[in-house]
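Here is a walk through one protein and its ligand.

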Amino acid sequence: MINVEGLSKDYGTTRAVDDLTFTVRPGLVTGFLGPNGAGKSTTMRMILGLDQPSAGRALINGTNYRELSEPLRHVGALLDAKWVHPNRSARAHLRWMAAANGIPDSRVDQVLADVGLTSVADKRAGGFSLGMSQRLGLAGAMLGDPGVLLFDEPVNGLDPEGIVWIRNYMRALARQGRTVLVSSHLLSEMAQTADHLIVIGQGRLIADMSVAQFSSLAQASVIVRSPEPDRLAQVLGQNQITAMRSSTADGRPSLTVVDAPAERVGDIAAANHIALHELTPRNGSLEEAYMRMTAGAAQYQSGAPGQGSPGQHPQGPPPRSQFPQNQYPQNQFSQNQFPQGPFQPQGPFHGQGGHQ
Ligand SMILES: Nc1ncnc2c1ncn2[C@@H]1O[C@H](COP(=O)(O)OP(=O)(O)OP(=O)(O)O)[C@@H](O)[C@H]1O
Ligand SMILES: [Mg+2]
């Protein structure tokens, strides 16, 4: 279990982490998601005692990292895979780590086998590929058989096979009842790996919810074009349906409806003798929901067409206002409820007993 409470970090005048509060529970892969510069690595470093918080605290199983005796037995982390001494072999590196942490030597061969490095255990780690270095990093994280694991962007730069391998490994760790926190700036990666999501932007908490709940935010919409858009919006409003002014990809004015299916919009238009020139159902994507949430929170935004391009998105309210901050109150989405769905973890939360 990881508890982050009112955690903040200032670097000079930059507030990298801003009053974050969340809990990472055992038995789940929790995705820590946010655009570049959102504060993910800084938060993880504070959880691991590598950075001092400006305010608040982060606890691992109720204790500050720096106060843990034999920390490797409680927490494993993969922050930067390339920190191994280049002239040491994988085995020598792990033996050195084990010795420094009072972990028996026998554990070294066990974790090497676990991550599939037995055959290259005596080769120089400096010659390892990125994928092999990641595995060695994982072996190091697993040395003390910890119940809590943190991975910072572990799939960055890996080939598809390496990505699948790490994803399965993290999921297996969670199924064993461990607490797994993994960061990424890619929602697509998190949607395939995580059970639960903590989304941050500019250091602040944006969402704390299960992947299933997050998916439900990616709601479908209907694009409508009519020669009488104002009258159509008005009669839809009389039927408790909200129509937002928008424009199509090629710049023609349209309405976007998110709270009614195309059939109902068409029926209401017909009943009111309003001609329709287009009635297009669109499936919302998770990526769109994520971009709406983090709109304005990205540190660097390109001026390229796409999100925020006025020609393609509803005009009037800015994108984020569709899901205002107060729509994700802590008590609504951080509850211990995981709706049944494809992302439900398969094992018990405390599969191996001892882990917390
Ligand atoms: N040591 C530091 N000194 C000054 N500023 C820092 C330092 N570390 C991070 N920052 C700033 O803090 C903010 C958060 O950075 P952080 O690296 O935590 O983000 P991140 O979410 O991990 O981003 P990325 O997806 O790019 O890894 C950024 O504005 C960054 O420039
Ligand atoms: Mg980072």
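pLDDT is the predictor's confidence in each residue, on a scale from 0 to 100. It matters here because this is a predicted model. The protein averages a pLDDT of 81. At least 70 is reached by 81% of the residues. Strand S1, residues 2-11, has the highest confidence, at 98. Helix H11, residues 330-333, has the lowest, with a mean of 28. Residues 299-356 stay under 50. For that stretch the model has 85 contacts beyond four places in sequence. Where pLDDT is low, the predicted coordinates should not be read in detail.

Now turn to the helices. Two packed helices are described by the angle between their axes and the distance between the axes. Take helix H2, residues 90-100, with helix H4, residues 130-142. H2 and H4 pack at an angle of about 25°, and their axes are 10 Å apart. Angles under 35 degrees count as roughly parallel, so H2 and H4 are roughly parallel to each other. Their crossing is right-handed. From H2, the residues Ala90, His93, Leu94 and Met97 meet Leu136, Ala139 and Gly140 of H4. By class, this contact has 5 nonpolar residues, 2 polar and no charged.

H2 also packs on helix H3, residues 106-114. Here the angle is about 130°, with the axes 9 Å apart. H2 and H3 are therefore oblique to each other. This crossing, too, is right-handed. H2 brings Ala90, Arg91, Leu94, Arg95 and Ala98 to the contact. H3 brings Arg107, Val108, Val111 and Leu112. The class count for H2 with H3 is 6 nonpolar, no polar and 3 charged. Ala90 and Leu94 of H2 take part in the contact with H3 and also in the contact with H4.

Methods. Residues numbered from 1 in each chain as written. Chains lettered and ligands numbered in written order. Predicted model: local features only at pLDDT ≥ 70, side-chain atom pairs only at ≥ 80, totals over all residues. Axes fitted to C-alpha atoms, helices over the stretch in contact; angles between N-to-C directions. Helix = DSSP H or I, 4+ residues; strand = E, 2+ residues; numbered from the N terminus. Parallel < 35°, antiparallel > 145°, perpendicular 65-115°, else oblique. Left-handed = near helix turned anticlockwise from the far one by under 90°. Contact = placed C-beta atoms within 7 Å. Nonpolar A, V, L, I, M, F, W, Y, C, P; charged D, E, K, R; others polar.
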